[in-house]
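Biologist: Can you take me through this one? I'd like to start with the inside and then move to a sheet.

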Amino acid sequence: MAIKILSVDDEAPIELLMKQYFRRKIRAGEYEFFFARNGVEALAVIADNPDIEIVLCDINMPEMDGLTLLAKLNKMGNPALQVIMVSAYGDMKNIREAMNKGAFDFATKPIDMEDLSRTIEKAIEHIHYVHETQEEHSELVSLKEDLTSASEIQQYFLPRKFPPFPEISDKLDIYASMNAAKDVGGDFYDFFRVDADHIALVIADVCGKGIPAALFMAASQMIIHSNGTQCTSAAECLMEANHVLTVYSVDDMFVTVFYAIYNTTTGHLTYCNAGHNPPRVLRADGTIEDLPRHRNLFMGALDGAVYKEDTLLLGHGDALVMYTDGVTEAKNQKREEFGTERLDAILKGMPGKSSQQIIENVKTGITDFVAGADQHDDITMLVLKRK
């Protein structure tokens, strides 16, 4: 498309000079010229042709001078509109003022048309740069909107109703939270009924961040959930899910998973840890126990991997605190990690507290520790407490 140029000058010969010198570019459709005798006429021409992007503006004109016109053009807020001031060589004071007020460049009279041509070409390059920047900004805004929608969708897939099983709320207390490091995250948690006496609990962490991790996270959650409703064994569930996940895994993506099946009547828990952080067991008396784990491989990396499970008994008042490494690896300004010792120190003061209170206190402890440092990993926690 032709670059539209407006020449604003009260000297009539200027119009003939422009048309004659740039005739080849005009004929080739590269330039399209418009003309006005003063600032008032110029504003009317621009109103009718808002896609004008170069204004060659004389400074000394009747009715509205060039500096006043420049100020009005600046108020239009069009970053692509470039103003080249034209005035007598001896009028350097006004030229300098125009440059200070945002003129792109200047030319002096009598006009050196070759020099003006180069100045126009330089302005066109800047206009193209502005347009490219605007396009990139629009794309970023669109991407940001898409990521916001993706984040909302991702949160929708996570269970958000607490208590999740009101009919047995006298037996157990469950709470969970996920705070993504980016707009979308790779962590997830889940819980659902297996049968009348058992519920499944899942917490997982997909390697990587952003959209790829979020997509793999969604696939992992659906696959594990689907298999979990059909399997009475934690190890069997992860082996079946791993078989499917290896098909979906691209670019060496994998997911660490802690999966447990809890007997709501007896307090027995059968669990399988696929390379995930071992949960902490908070006993009713305030002691903290490590949860032993087998050397199970993370999921999505090797089809046919064999997983082993173990058991745990939760007494009345005991809680199982599950978390992702974003908790213990949260860093402060000195690059120090929050660590399991600080986590355990908080948990020791939590006997008798609800699952939500446990999670909120840990999150507060992390916030105080990092003291404003950037969050580099998703922070996800899931707590099951036997009442």
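Biologist: By class, what does the lining of the largest cavity have?

Modeller: Five nonpolar, one polar and two charged residues. Ala, Val, Leu, Ile, Met, Phe, Trp, Tyr, Cys and Pro count as nonpolar, Asp, Glu, Lys and Arg as charged, and the others, Gly among them, as polar. Keep in mind that this is a predicted model: local features need pLDDT of at least 70, side-chain atom pairs count only at pLDDT 80 or more, and totals for chains, interfaces and linings use all residues. Residues are numbered from 1 along each chain as its sequence is written, and side-chain values use heavy atoms, without hydrogens and water.

Biologist: Which residues line the largest cavity?

Modeller: Ser7, Val8, Asp9, Ile14, Met18, Leu56, Asp58 and Val86. A cavity is a set of points on a 1 Å grid over the protein atoms alone where a 1.4 Å probe fits but cannot get out, and lining residues have an atom within 4 Å of a point.

Biologist: What is the volume of the largest cavity?

Modeller: About 30 Å³, taken as the space filled by probe spheres set on the points, with grid points joined across faces, edges and corners.

Biologist: Now the sheet. In what order do the five strands come?

Modeller: E7-E8-E9-E10-E13, an open sheet with antiparallel pairing. Strands are DSSP runs (E, at least two residues), numbered from the N terminus, and two of them pair if DSSP finds at least two bridges between them.

Biologist: Which strands stand at the edges?

Modeller: E7 (187-195) and E13 (310-313); each has a single partner strand, so one side of each lacks a neighbour in the sheet.

Biologist: Over how many bridges do E7 and E8 pair?

Modeller: Eight, with E8 covering residues 198-206. Asp190 stands opposite Val202 in E8.

How values were computed: Helix = DSSP H or I, 4+ residues; strand = E, 2+ residues; numbered from the N terminus. 1 Å grid on protein atoms, 1.4 Å probe; cavity = no way out; pocket = protein on both sides within 12 Å on 5 of 7 lines; lining within 4 Å.
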